[in-house]
Amino acid sequence: MFETPVAWAMLLPIFLNVVPEWKCSDSSNASLTYNSSFTSNISFLLSINDKSCSESGLLCPEASFTKEIQTIVSEWSLVCDRKWIPGTITTIQMCGLLVGALVMGQLADIFGRRRLLYLAYSLLLAVSLGSAFANSWQLFAVFRFFIGALVGSVMVVNFVLPLEFVTPSWRTFCGCVGFWAVGLMTLAVWGYFITNWRYLVIGTSVSGVFMLFSWWFVPESPRWLLSKGRYDEAEAILKTVARYNKVDLPDFSTLRKVSEVCTKTLN
């Protein structure tokens, strides 16, 4: 379930980077040149009408954007000689994703899955919400870097934790079936009804708070607990799982002995 709000945070640039329709007043002949890419086809996501820029490529004087949709492009006039900025911000976000995934994988092995999963997710909601109040594209880029890092952190642990509760025959199924697609589809609904980028970020961030209540229902990984020698905690969790599934828990003492031998061998 974490994948749905995480997908919102990750894929928001699809809407935030849209180039709205805009016009430029040409002082030489008082004519108007419109960027009609927003209403034409899918190319509005990537391109603008460079004829609306001056010969030097700089933003034409008195450029104005439609009020029908407000994005970071219209917020900070990221067209003409500044049209590279939205794509660069997305690249910065992806760099953060790489850093977060690499770092969190190591930290989760040391401090546990559950605790770091909820810590990273809580920080993701806070940072994402904070990005809605950025007053410059530079500050917004910094926010997106940390959003990417936290998305990478959450996704790594969110993928591993459920797999450590199932047998090998179920791992492929559990690894493939997730709620990322649900997040992608529902983000389209968010983007359709909320056309102001700040409100869109706020809405998706605040709506993700509901997942924090799952803290009381998601246990720590028993495999990780066994690897750390915390056998009593692991046994208690496995007993709860067995009771919920109405099956008998096998003799835990055997599992404990095997785990002790493996731990000593690895150390």
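Predicted model: local features only at pLDDT ≥ 70, side-chain atom pairs only at ≥ 80, totals over all residues.
**Pocket, cavities and cores**

Reader: What is the volume of the largest pocket?
Author: A pocket is an open set of points on a 1 Å grid over the protein atoms alone, with protein on both sides within 12 Å along at least five of seven lines; lining residues have an atom within 4 Å of a point. Points join across faces, edges and corners, and volume is the space filled by probe spheres set on them. For the largest pocket that space is about 1400 Å³.

Reader: Which residues lie closest to the centre of that pocket?
Author: The pocket is lined by 41 residues. Closest to its centre are Leu161, Pro162, Glu164, Phe165 and Val166.

Reader: Which helix gives the most to the lining of the largest pocket?
Author: Helices here are DSSP runs (H or I, at least four residues), numbered from the N terminus, as are strands (E, at least two). Helix 6, helix 7, helix 8 (168-176), helix 11 (222-227), helix 12 (231-244) and helix 13 (252-266) each supply at least two lining residues. With six residues, the top contributor is helix 12.

Reader: How many nonpolar residues are in the lining of the largest pocket?
Author: Nonpolar covers Ala, Val, Leu, Ile, Met, Phe, Trp, Tyr, Cys and Pro; Asp, Glu, Lys and Arg are charged; the others, Gly among them, are polar. The lining has seven polar and five charged residues. The nonpolar count is 29.

Reader: How many cavities of 30 Å³ or more does the structure hold?
Author: In a cavity, a 1.4 Å probe fits but cannot get out. At 30 Å³ or more, the count is two.

Reader: How many charged residues are in the lining of the largest cavity?
Author: Pro5, Trp8, Ala9, Leu124, Leu125, Ser128, Thr204 and Ser205 line this cavity. Five are nonpolar and three polar. The charged count is therefore none, by the class definition.

Reader: Which residues touch the most other members of the largest nonpolar core?
Author: A nonpolar core joins buried Ala, Val, Leu, Ile, Met, Phe, Trp, Tyr and Cys residues through side-chain atoms within 4.5 Å. The largest holds 48 residues. Touching the most other members are Leu16, Trp22, Ile72 and Phe140.

Reader: Is Cys80 buried or exposed?
Author: Cys80 has a positive phi of about 55 degrees although it is not a glycine. Cys80 is found in the loop between helix 4 (72-75) and helix 5. Buried means under 20% relative accessible area, exposed over 50%, partly exposed in between (1.4 Å probe, protein chains only). At 4%, Cys80 is buried.

Methods. Residues numbered from 1 in each chain as written. Heavy atoms only, no water.
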